[in-house]
Amino acid sequence: MLNGSHFDMPYESPPYNYAVQKLRKLQDEMVVTARTWAMGEIGAAVAHQLNDPLTALLIYLHEIERVSGRQTVSGVSPLLEVVVKAICEAERVRGIVDRIGHGVETPVETRPAVAVAVAREAIDAWAQDSKQNGGGRRLSPASSLSDHLTAREREVLAQIVAGASNKGGGHHLGISARTFEVHRAHIMTKLGARNAADLVRMALGEVK
Amino acid sequence: MHILVIDDDPSVGAAIQAFLNHQGCEVVVAENSTLGIRAFETSRFDVVLVDIFMPGTDGLETIKDFRQRRSNVPIIAMSGFRFRDQMGPTADFLSMAVSLGATCCLRKPFGSQNLMAAINGLRDHVPASTAIGS
């Protein structure tokens with residue numbers, strides 16, 4: 001039998017759930033990043049093809065402008081007015097092609113290297129936690145649950161267990177209902193609770 | 001001013017030629033670097049514009065060729081595929097052209113004003129020339 005560390009790890013423990021949630025979210029983000037990057041590359045390739053005809057077009061339009069301008073006897077030639085507008089549109093196209101060609105900057109948070117680092121951190125935190133608890137972890141009492149929560153989250157959990165609403169609990173703690181709700185969502189993710197009833201059951205010491 | 005344009009896209013060559021002719025320049029257009037170098041050997045040019053992204057013929061090689069002939073003719077590198085930020089600034093082929101000996105670069109898509117500015121910007125390199133454009 002293998003030394004009890006890895007294979008006795010409880011797969012329903014809060015830190016494990018937290019790590020899984022984190023990984024799932026990061027996986028989704030990485031798929032989006034990969035897709036965005038691929039679309040950007042396609043855009044750059046398409047923009048590259050447009051460069052030659054667009055360059056020729058811009059130069060010809062300026063030539064037309066020059067020729068239309070010369071034919072004016074008095075006042076502004078109507079043809080020239082139209083040509084000036086055409087040049088405006090061509091410049092707009094040039095701006096668009098330029099932007100497509102340069103692409104969108106990938107947000108730092110979703111860059112693969114950063115995502116992998118955060119995932120690794122979550123896994124390590126789970127492994128560390130499970131090692132420390134000798135491979136077993138029960139979901140009660142509330143004091144061991146709260147080891148994973150921040151001080152504020154513990155306060156919010158206490159409010160929830162006492163039956164407070166988002167508004168009431170928030171008011172009690174001096175935060176908005178929205179903020180209370182955000183904390184509540186974090187707590188549920190961390191503890192792996194599916195709903196408020198789960199949360200209260202865990203907090204009151206029932207084994208899941 | 002005598003200008004040589006090397007670009008595989010005939011429309012780009014024709015448009016640049018039409019514009020520069022009206023500015024009083026003599027323009028020769030070549031569709032690949034072989035024809036371009038041949039033209040360069042037969043006539044004197046004040047400025048060379050070369051597209052460095054020509055499939056089949058290598059614009060970057062052309063620049064190297066000109067420099068190896070010990071010619072100091074100002075060379076304007078045009079176009080060049082530009083990679084996005086992931087690849088880093090060193091993958092910018094226009095910058096590479098400049099390090100290979102191009103005098104300056106002109107990124108497509110460009111218009112008449114950019115072209116004029118680039119050519120006039122070379123005046124330090126072109127003795128006895130006057131600015132083009134009104």
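**View 1. Pro109(B) sits in the loop between β5 (104-106) and α5 of chain B.** Here helices (H or I, at least four residues) and strands (E, at least two) are DSSP runs, numbered from the N terminus. Look at the peptide bond from Lys108(B) to Pro109(B): it is cis, with omega near 0 degrees. Bear in mind that this is a predicted model, in which local features need pLDDT of at least 70 and side-chain atom pairs count only at pLDDT 80 or more, while totals for chains, interfaces and linings use all residues. Residues are numbered from 1 along each chain as its sequence is written, and chains are lettered from A and ligands numbered from 1 in the order in which they are written.

**View 2. Chain B as a whole has five helices and five strands.** Read from the N terminus, the order of elements is β-α-β-α-β-α-β-α-β-α. Of its 134 residues, 38% are buried (20 or more other C-beta atoms within 10 Å of a residue's own; 12 or fewer is exposed, anything in between is partly exposed, and C-beta atoms are placed from the backbone). Count the contacts (C-beta atoms, placed from the backbone, within 7 Å) with a separation of 6 or more, and 64% of them join residues 24 or more positions apart.

**View 3. Two helices of chain B, α3 (residues 59-68) and α5 (residues 112-120), with their buried residues.** In α5(B), the buried residues are Ser112(B), Leu115(B) and Ile119(B). They span an arc of only 65 degrees around the axis, so they lie on the same side of α5(B); the arc is that of the directions from the helix axis to the C-beta atoms. An α-helix has 3.6 residues a turn, so residues three or four places apart point the same way. In α3(B), the buried set is Gly59(B), Leu60(B), Thr62(B), Ile63(B) and Phe66(B). Their arc is only 155 degrees, which puts them on the same side of α3(B).

**View 4. Ala14(B) is found in helix α1 of chain B.** Val28(B) is 14 residues away from Ala14(B) in sequence, and their C-alpha atoms are 9.7 Å apart.

**View 5. Chain B meets chain A through 18 residues of chain B and 20 residues of chain A.** Helix α1 (residues 10-22) of chain B gives the largest share of the chain B side, seven residues. That side has eight nonpolar residues (Ala, Val, Leu, Ile, Met, Phe, Trp, Tyr, Cys and Pro), five charged (Asp, Glu, Lys and Arg) and five polar (the others, Gly among them).

**View 6. Helix α5 (residues 151-161) and helix α7 (residues 177-191) of chain A cross at roughly 95 degrees, their axes coming within 9 Å.** Axes are lines fitted to C-alpha atoms, for helices over the stretch in contact, and angles run from 0 to 180 degrees between N-to-C directions. α5(A) and α7(A) are therefore roughly perpendicular (65 to 115 degrees; under 35 is roughly parallel, over 145 roughly antiparallel, the rest oblique). Arg152(A), Glu153(A), Val156(A), Leu157(A) and Ile160(A) of α5(A) make the contact with Phe180(A), His183(A), Arg184(A), His186(A) and Ile187(A) of α7(A). By class, the contact residues are five nonpolar, two polar and three charged.

Notes. Two residues are in contact if their C-beta atoms, placed from the backbone, lie within 7 Å.
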